[in-house]
Amino acid sequence: MVNAVYFADNITVTSYVDKSTVSLNELLNLTVEIKSDEQISAEPEIPQLTGFQIVGQSSSSSTSIEIINNEMFRSVTQSFTYSLRPLKTGSFTIPPIYTKYKNSTYRSKTINVTVVEENSNITQPRQQPQKGNDNSSNNVQIFLQATPNKSEVFVGEPFTIKYVLYSNKGLVGLNAEKMPEFAGFVKEETFQTKNITHTLEVINGIRYYAYRISNYTLFPTNANTFTLDKMELLCAYEVPAKSFFDFGTTKRVYIHSNTTSIKVKPLPVTGQPINFSGAVGKFDIKSELSSSQVKTGESVTLTLTISGSGNIRMFDPPTLPVIPNIDTFPPEESDELYQPDNISGKKVIKYILIPEEPGTYNLPAISFTYFDPGSETYKTITTRSLSLIVEKGKITPGSLSYIRPQDIDIQGLDINFIITKNSITGYTLVISQVWFWILIVLSLLSIIAILIIKKEREKLLQDKAYYRARISNKQLQKDLNKVQAALKEDDISGFFVAADNALKNFIANKCNISASASTIQDLTFELQKNELSAQEIADIIEFLKITDSARFGGIEFSHEELEEKYSELNTILQNLSKTKFRKKR
Amino acid sequence: MKKNIFILSIVFLIPLLLCAKEYDLSAANSAYQEQNYQQAEEEYMKVVSEGVKNFELFYNLGNTYFKLNDLGNARLYYEKAAKFEPLNTELNENIAMLMASIKDKEEVNRSFVETLLRKIYYAFSINLLGVFVLFTFIIMMVFIIILIMSKSIMFKRIVKILLVVFAVIFFMVTVTEVMRIRDFYADDSAVILDETVIAYSGPSEDFPQVFTIHEGLKVSIERFDNDWVLIKLPSGNGGWVIATSLGII
């Protein structure tokens with residue numbers, strides 16, 4: 001028992017009576033319970049009780065072991081029961097009962113008891129099962145208490161509601177007739193009784209068996225004032241035998257829960273951020289990278305943890321900002337809620353990132369906005385930005401970044417850029433240029449020119465006489481050159497041969513006759529056909545005769561005489577060229 | 001021989017003759033690049049006020065007005081630029097983007113054949129067509145000369161066929177050139193510059209209203225009457241608007 005000193009911390013002292021109204025012919029049982037973790041030796045000190053006399057005393061001890069969440073709780077209860085006989089009618093107060101243990105004093109609450117005149121009916125239980133909890137007349141008190149922990153909440157703000165059945169008699173049967181539906185709420189049942197177990201609770205000095213029926217955590221989905229659904233239970237208790245022939249009966253009663261209402265307020269619209277995800281409560285955010293250094297094509301996990309209390313299951317995770325050249329997958333999301341009421345917990349969001357290009361990336365801070373019902377404001381919390389170093393990895397066929405061609409990321413549309421040509425010229429039409437028309441006219445003129453040339457050529461081909469007339473001057477020039485050459489050399493016979501040729505060729509060309517075959521007579525005949533004076537013809541004949549004789553005769557001529565002959569030839573030729581000759585066809 | 005040298009020298013002189021006065025756009029272009037669109041507009045307009053007509057100038061000015069959110073003028077200068085290069089991809093993309101921003105819906109639905117004909121019609125620039133006209137003409141003349149001079153009957157026959165072919169090409173090119181020049185100098189379309197323009201059934205505000213149009217819409221001009229213009233919508237509806245509310249392309 002030495003250890004008791006250290007373990008006997010949780011000592012509670014409760015006092016209760018078995019009924020709040022007692023008649024003078026009855027006994028009232030006052031029980032003092034000392035509950036502790038270990039067996040302790042302590043005894044309550046019963047004060048002087050006015051109106052009652054202690055007629056008997058008994059004590060008992062019980063040990064109970066309860067396992068909650070895999071933890072064992074052991075408790076020892078020592079009960080001291082005193083039988084009290086009322087001495088007179090009226091309202092009496094049983095004062096607090098003190099219990100001393102070690103150096104501490106524990107006290108129980110006061111109890112009010114009413115003592116009435118003798119009435120035999122009070123103890124007679126009714127024969128019919130009853131609905132409701134107005135069983136005070138037969139001393140059976142059963143009621144179902146619904147206790148929400150808040151009466152005013154915001155949309156999304158969770159609250160709990162507990163259903164506890166209180167009874168001053170031990171129950172032998174319990175059946176759920178109607179469970180609440182909670183329209184307008186998302187409900188989570190956090191506790192439901194499986195077997196009839198009870199704890200003892202004292203309310204207003206009366207000891208009740210308290211049966212925890214169920215606990216709910218409710219998340220309001222829309223704003224309104226809700227009257228919560230009632231729970232209906234069918235309870236059965238035993239009425240003990242009153243006489244030897246009475247075996248006792250089981251009675252059934254329907255019990256409703258009390259009416260509770262909850263006011264659900266809407267979230268304030270003013271100041272609501274755009275990225276508000278619907279989270280209501282109090283949260284904390286944390287981000288973490290599975291590794292700060294990866295190779296391209298390898299994946300890295302960005303874990304975002306939102307922990308706290310609130311509607312953890314009911315909001316969307318924050319979206320990851322787009323990081324260029326990092327491929328992301330839809331996040332993996334898991335919720336973990338803590339017992340007993342599932343209000344606090346954490347949301348773990350895992351983003352898988354696959355960097356596609358090497359480099360140092362700054363993963364931007366992720367912000368998360370929630371509504372804090374305590375301060376009735378929106379709060380934004382932000383993670384710190386993380387950096388990720390990506391090295392060039394081996395891209396092998398089949399690796400993730402290799403096989404997935406993706407759509408080009410289009411950030412926005414804009415007009416095409418200007419043409420950055422810094423030097424321009426004004427617009428000029430080619431056909432308005434002078435050279436254009438010059439070329440057109442020239443090519444037209446060339447056609448005309450070609451046509452003229454062709455006509456000329458045809459004329460020449462057809463008309464030998466015309467040709468000879470045209471070439472006579474050329475021939476003459478050649479012949480006269482020969483004459484001049486002979487004159488320079490004083491070649492008398494050469495001079496006369498050349499002069500003779502020149503004159504005969506000229507006349508032959510003009511008259512279109514053969515020069516070599518022509519005699520002086522022929523020439524005279526031809527010349528006479530044309531408009532030449534007799535003197536001129538005589539001069540030509542004279543000149544030809546001299547040349548003939550000089551060619552063969554060997555007559556001596558001085559240089560001066562030769563020049564005189566040359567000028568004579570020129571005069572004749574000039575006269576001839578002035579004359580128009582009839583063309584012989 | 002002397003004539004040949006003369007023709008050759010003229011052919012080589014063509015590029016020299018084409019070298020007209022040059023205008024500097026560097027100040028305007030750099031203002032645009034610095035996103036100083038107000039200044040860019042002033043600089044481009046300086047060149048425009050000198051009477052310069054140039055594709056790059058009009059295109060860049062259209063872009064500048066687009067950036068200044070002056071959709072009417074943007075459309076006007078894009079359409080002016082389109083007269084030079086109607087098939088320019090960048091220009092047409094910008095016009096399409098602009099048409100998505102203007103209030104009045106304009107639908108351009110061209111059939112396959114229309115698109116093809118348009119592509120052929122606008123395949124070459126007016127000046128290139130002019131050069132084609134000149135060269136096909138010269139080639140035709142050369143063929144005629146050959147026909148005149150040649151004596152070989154076989155050779156003449158081949159040249160005759162070629163001459164017919166080139167005559168057809170010359171005819172088509174010339175007709176296209178004439179039509180293109182007529183289009184180029186036609187003042188028959190305009191762009192609405194005022195934000196909202198009300199059209200009346202006659203050349204005065206006293207006539208009943210017929211329709212309301214908004215800036216950036218391209219309309220065709222039917223005729224003028226003092227300060228009023230009779231315009232025609234793509235849908236065929238006609239109405240009189242104040243001449244100052246539109247810019248002639």
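Author: Two strands pair if DSSP finds at least two bridges between them. Helices (H or I, at least four residues) and strands (E, at least two) are themselves DSSP runs, numbered from the N terminus. This is a predicted model, in which local features need pLDDT of at least 70, side-chain atom pairs count only at pLDDT 80 or more, and totals for chains, interfaces and linings use all residues. Residues are numbered from 1 along each chain as its sequence is written, while chains are lettered from A and ligands numbered from 1 in the order in which they are written.

Reader: Which strand of chain B is joined to β32(A), and in what sense do they run?

Author: The partner is β1(B), residues 22-24, which runs antiparallel to β32(A) with 3 bridges. Within this pair, A:Ser423 has B:Asp24 as its bridge partner.

Reader: How many residues does each chain bring to the contact?

Author: Residues are in contact if their C-beta atoms, placed from the backbone, lie within 7 Å. Chain A supplies 30 residues and chain B 40 residues. On the side of chain A, the largest share, 12 residues, comes from α3(A).

Reader: Which strand does β5(B) pair with over 5 bridges?

Author: β5(B) pairs with β6(B), residues 228-232, in the antiparallel sense. B:Asp225 stands opposite B:Trp228 of β6(B). The hairpin of these strands has 2 residues between them, and B:Asn226 takes a positive phi near 50° there.

Notes
Two residues are in contact if their C-beta atoms, placed from the backbone, lie within 7 Å.
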